[in-house]
Amino acid sequence: MVKIRFLAQVDAEKCVGCGKCANVCPTIAIEVQDKKAVVEAKKCLACQNCTGVCPEGAITKVPRSVPMVLGVDYKSVDQDRILEICRNANLHPMQWLCLCTATRVRDGAAAVIKGAKTPEEIALMTGVRAGCAAYCSMMSMRVLKGAGVEFEQQKGHRLYKTMPTLWDVPPELVNKYPGYFLEEDKDVFRKF
Amino acid sequence: MSNQVAPTLTLASLKKAMPGYIRKSVYGPATPTGLPARRVADLPGIVALPVQELFPDVPKAIYIEGDDLAPVRKATEAALKNVNMDKIKPDSSVNILTSQYGFMIMGGFAYKEMVKTIKEVVEQRTGCRNIRLRVATGFRIQEPAEIIEHYELDKLFDGKASPALFIEKGVPIETELGTMYGIAKIYDADFIIHAHHGELRELDMHRMMSRTMKPFSMSYARMETRSIHHMNFGPRSSNLVPRVIYESPFVQSKFTFGIFMAVSPQGIVGIEAGNDLFPIDRRLMLLAFKSYGKIRELYNEIKECVAVMDGTGEPRYMIGGGTTFGNLTEAELDLFDLDAVPVGLGFGLYQPPPTQPKLKVVNPAIRALVMNHFWIGVPQMELATSCPMFLVGREMTKLVDEDCMNNAMLDHVVTAETLDAAVRFAKKVARTENIIAFDGAYGAITCSEPLAEYLIQRAPIANQRVEEVLMPKWLKQRGFDPSEAL
């Protein structure tokens with residue numbers, strides 16, 4: 001379970017409505033309305049993106065009166081389906097989906113089984129992307145692909161849909177770059 | 001070949017430790033001064049163990065913190081003499097690309113001097129006046145702006161210094177492995193100059209493979225591409241990602257040259273530059289084996305210690321004895337050996353599967369951690385869950401409590417009011433008098449007298465093992481002849 005104890009708060013007097021915060025929010029929790037950024041509290045995971053990019057210093061993180069608790073019990077879904085998604089994605093269920101929140105791939109797979117159709121929805125169900133919001137974006141995309149769920153790339157630069165992996169490298173490239181242990185590293189993961 | 005420590009090196013000859021410079025940041029604890037109340041070097045019984053005297057045969061430094069910067073400038077000018085700048089015309093636009101870590105090496109002054117010299121030489125030789133600075137970062141979004149302000153880089157670059165962030169607009173780069181995304185601001189000029197350093201940093205990830213190219217899939221890249229590098233490939237194969245980006249038609253159309261501070265635990269030993277990164281890669285690799293190889297092996301000799309974080313940056317990359325704390329946390333693995341396979345970031349740094357060679361995630365020789373001063377900005381829960389951790393001061397506790405990248409760290413640590421109290425408790429818990437500080441110092445290991453005495457005895461053993469057994473293997477694995485060793 002991930003406890004979200006903070007919330008992004010916009011100082012409307014300082015906000016100039018540039019929209020930079022909305023463009024970087026991993027859960028699409030921010031919209032610019034009437035030239036001011038507005039945060040939807042139930043979607044805010046209090047990562048660092050909006051506070052970091054705001055050129056006016058208009059966003060701060062404040063404690064929530066009641067922490068928002070997120071998480072999916074992976075045991076509550078079909079375990080064979082979790083394994084199938086993981087196999088398709090070349091992931092191990094115990095791999096980290098999100099290092100910052102200590103959430104595993106199996107939790108993300110469970111979220112998809114329960115209906116998550118986008119990386120944002122996985123984040124809102126599991127609490128991933130509440131930290132660096134970076135590495136978990138890739139893992140979320142791979143879990144969705146492993147489950148056969150197609151998702152649209154959002155407009156703008158919130159997330160670019162690209163996910164080449166070790167398993168996508170064609171044999172001619174493996175042969176071209178012997179010093180990079182491409183096949184050998186696949187064996188490392190196959191053992192797990 | 002065996003190499004003895006300098007005969008003058010005894011415990012009695014050791015001087016007081018001199019910690020490195022700490023830069024104030026919003027990512028550090030908000031103490032009244034922005035700095036720690038006390039440094040480890042101020043504690044009784046703490047000394048500076050000089051690295052050059054432990055390993056006299058490694059290349060000597062031309063600069064360590066506090067020295068005159070003139071040698072850095074001269075070395076930069078000399079390195080640039082052989083660089084072809086014909087692509088750059090008077091009406092070209094050029095981005096000099098820098099990474100945040102260069103500004104953490106010995107206070108950042110040498111890196112700034114190198115960058116300043118690059119700009120002046122390029123202007124002089126090409127007539128180009130539209131030279132801009134891009135400051136890239138890891139995950140600390142506000143850090144580039146802090147760097148620009150702190151080092152007055154906007155003034156240096158006539159108002160054209162700008163952060164380049166991993167969450168900003170990207171530019172697609174087609175590579176042999178598929179589409180990658182660079183940060184658009186990095187590439188928004190006709191040409192780029194790759195101004196970096198050869199500091200070892202995370203050897204467990206780059207394995208000294210394509211080291212000079214790493215920023216192309218990290219600092220200069222969008223978060224998806226960083227994830228591709230760290231999460232979608234294996235512990236050795238991941239280093240193909242930066243290479244294919246560097247070699248892509250898009251990057252090659254803009255690339256002019258690379259220039260690097262050649263860094264060792266001794267300090268900055270020179271400046272390397274060239275239009276082709278591969279020869280520089282090889283030279284930095286040979287330097288790393290000779291210098292970092294030996295200090296890593298010496299750290300592998302440590303069987304019990306309390307490690308203290310007392311510098312700028314996140315613990316994993318904090319410098320002690322001229323090398324990062326990450327090299328102590330994994331000292332028991334020979335990470336220059338390409339047959340060694342710690343799993344990559346995607347599998348997990350802090351809960352390895354049963355077949356992993358590491359017994360626990362963090363080197364078991366680290367019996368306790370004292371966090372006197374550090375910055376947040378990277379996931380590092382493994383430190384808190386692997387060994388007893390003591391935070392120093394309430395400001396540090398508040399910082400950790402609000403750190404979104406280590407969501408539950410406070411559940412695993414305790415706080416002491418002062419550094420003295422924290423170290424006292426840590427020594428009791430760890431049952432050792434061995435203290436080693438990661439305080440930013442190059443050229444010397446800040447440590448307690450018992451540990452210094454022990455390391456003086458063990459240095460010749462570490463040296464011999466590297467020279468006679470390990471380095472020949474590292475060289476052979478990468479296609480070098482052992483005679484090419486420095």
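Strand S3 (residues 93-99) of chain B runs parallel to strand S8 (residues 191-197) of chain B, and four bridges join the two; here strands are DSSP runs of E with at least two residues, helices are runs of H or I with at least four, both numbered from the N terminus, and two strands count as paired if DSSP finds at least two bridges between them. Within this pair, Leu97(B) lies opposite His194(B) of S8(B). The model is a predicted one, in which local features need pLDDT of at least 70 and side-chain atom pairs count only at pLDDT 80 or more, while totals for chains, interfaces and linings use all residues. Residues are numbered from 1 along each chain as its sequence is written, and chains are lettered from A and ligands numbered from 1 in the order in which they are written.

The two strands belong to an open sheet of six strands in chain B, with mixed pairing and the order S5-S4-S3-S8-S9-S10. Strand S5 (161-164) and strand S10 (267-274) of chain B each have a single partner strand and stand at the edges, so one side of each is left without a neighbour in the sheet. From one strand to the next, the twist averages 20°. Helix H10 (residues 277-300) of chain B packs on this sheet, where it touches strand S9 (255-264) and S10 of chain B, and its direction makes about 5° with that of S9(B); axes here are lines fitted to C-alpha atoms, for helices over the stretch in contact, and angles run from 0 to 180 degrees between N-to-C directions.

Ala79(B) has its place in helix H2 (residues 70-81) of chain B. With 23 C-beta neighbours inside 10 Å, Ala79(B) counts as buried, a term that calls for 20 or more other C-beta atoms within 10 Å of the residue's own, against 12 or fewer for exposed and partly exposed in between, with C-beta atoms placed from the backbone. If neighbours within four places in sequence are left aside, Ala79(B) is in contact with Ile259(B), Ile271(B), Glu272(B) and Ala273(B), contact being defined as C-beta atoms, placed from the backbone, that lie within 7 Å. Asp67(B) is 12 residues from Ala79(B) along the chain, and their C-alpha atoms are separated by 20 Å.

Helix H4 (residues 143-150) of chain B has Glu143(B), Pro144(B), Glu146(B), Ile147(B) and Ile148(B) as buried residues. These buried residues of H4(B) pack against strand S4 (130-136), helix H5 (153-156) and S5 of chain B. After H4(B) comes Glu152(B), with a positive phi near 55°.

A further open sheet in chain B has eight strands in the order S1-S2-S18-S17-S11-S14-S15-S16, and its pairing is mixed. Its edge strands are strand S1 (15-16) and S16 of chain B, each of which pairs on one side only. S14(B) and S15(B) run parallel and are joined by three bridges, and Met371(B) has Leu391(B) in S15(B) as its bridge partner. Helix H13 (residues 394-401) of chain B packs on the sheet and touches S14, S15 and S16 of chain B, its direction making about 115° with that of S15(B). Helix H15 (residues 449-477) of chain B also packs on the sheet, touching strand S2 (46-50), S11, S17 and strand S18 (444-448) of chain B, and its direction makes about 125° with that of S18(B).

The buried residues of H14(B) pack against strand S11 (305-310), strand S14 (366-373), strand S15 (389-392), strand S16 (413-416) and strand S17 (435-438) of chain B. In H14(B), the buried residues are Leu419(B), Ala422(B), Val423(B), Ala426(B) and Ala430(B). They cover an arc of only 95° around the axis, which puts them on the same side of H14(B), the arc being that of the directions from the helix axis to the C-beta atoms. H14(B) is followed by Arg431(B), with a positive phi near 55°.

Chain A has eight helices and six strands, and the C-alpha trace of this chain spans about 60 × 40 × 25 Å along its principal axes. Of its 192 residues, 49% count as buried.

Where the chains meet, the contact takes 42 residues from chain A and 44 residues from chain B. On the side of chain B that touches chain A, H7(B) gives the most, with seven residues.

Conventions. Contact = placed C-beta atoms within 7 Å.
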